Amino acid sequence: MKKQNNLLTIALATILICFAVILTINLNSSKLTMASNDEGGESNTKIILIDPGHGGIDGGASAADGTVEKNINLNIALELAKLLKENGFKVFLTRDEDRGLYSDSGSVKEKKIQDLNERCKLKKDTNCDLFISIHLNKFSDASCKGAQVWYSKNSESEEIANIIQSNLVADLDSSNHRKPKFAKDMYKVLRTNDDMPGVIVECGFLSNNQDLSNLKNESYQKKVADSLNKSIKNYFEGH
């Protein structure tokens, strides 16, 4: 009888020890899962690189009344950055003021080349999930108007370009029948470091009186930024 009691005590002790070990493993596993989820939350924060075209010595396109592209690009980009941050995105800008990404030395041509190379480099340095470059258009035919998106060779660029174009038409001008265009190798800023979806958004034509009037208006610039913000949210919600 005494022997049976001893065996029962040993068995109970063994069971308790096993239970304690299992509990410890489960607690540690729970902690690891929580840590993994926390880290996942960090990595799941999408990084957007916004590129306000031109800046500094490079004014970009100019209208007949002297309006230069670089300032409107920057205004739209800054507003877009603010909206994206409010929606939880991590945002970088290639510039946040009227400056270029070049050193003080060198010719104007050399500075423009350096500026473009630096913008391309930032695509890689920021490890961004989306590259969006803000520009304005100009054409000899003043009747040409409306926003249009160009997209890179990256396999997902066409998808977000379609989303952006559709929203720009719906939000800004329903009479705009322009479609997204494949940039092929036309734009270095798209073809270089093309490891993420990349688009150039031409927000309108400085050579068209109606577009020019709209683009100079601060409330319209905010409408453009709001439409782009919506499109970026739509795209990542779909992924």
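What percentage of the 239 residues in the chain is buried? Buried residues make up 42% of them, where buried means under 20% relative accessible area, exposed over 50%, and partly exposed in between (1.4 Å probe, protein chains only).

The model is predicted: local features need pLDDT of at least 70 and side-chain atom pairs count only at pLDDT 80 or more, while totals for chains, interfaces and linings use all residues. Residues are numbered from 1 along each chain as its sequence is written, and side-chain values use heavy atoms, with hydrogens and water left out.

**Whole chain**

Start with a cartoon view. The chain has seven helices and six strands; these are DSSP runs numbered from the N terminus, helices being H or I of at least four residues and strands E of at least two. Along the sequence the pattern is α-β-α-β-α-β-β-α-β-α-β-α-α. Of the contacts (heavy atoms within 4.5 Å) between residues at least 6 apart in sequence, 79% join residues at least 24 apart.

Strand 2 runs parallel to strand 1, with four bridges between the two. Within this pair, leucine 49 stands opposite phenylalanine 92 of strand 2.

**The cores**

Which residues of the largest nonpolar core touch the most other members? Select Ile50, Ile132 and Leu228, out of 38 residues in that core. A nonpolar core is a set of buried Ala, Val, Leu, Ile, Met, Phe, Trp, Tyr and Cys residues joined through side-chain atoms within 4.5 Å. Elements that each supply at least two residues include strand 1 (47-52), helix 2 (69-86), strand 3 (130-137) and helix 7 (218-237). A second, separate core has 11 residues, among them Phe131, Ala183, Leu190 and Met196.

Now centre on isoleucine 50. Beyond its neighbours within four places in sequence, its contacts include Ala77, Leu80 and Leu84, as well as Phe92, Ile132 and Ile134.

**Salt bridges**

The structure holds 11 salt bridges, each a side-chain nitrogen of Lys or Arg within 4 Å of a carboxyl oxygen of Asp or Glu. Select aspartate 51 and arginine 119, whose closest N and O atoms are 2.6 Å apart. Aspartate 51 lies in strand 1 and arginine 119 in helix 3 (residues 108-125), 68 residues apart. Are these two residues buried or exposed? Both are buried.

Move to aspartate 98 and lysine 70, a salt bridge with closest N and O atoms 3.1 Å apart. Aspartate 98 sits in the loop between strand 2 and helix 3, and lysine 70 in helix 2. Lysine 70 counts as buried at 12% relative accessibility, whereas aspartate 98 is partly exposed at 42%.

Finally, select arginine 99 and glutamate 97, whose side chains meet in a salt bridge of 3.4 Å, N to O. Arginine 99 is partly exposed at 32% relative accessibility, and glutamate 97 is partly exposed at 44%.

Technical notes:
Pairing = 2+ DSSP bridges.
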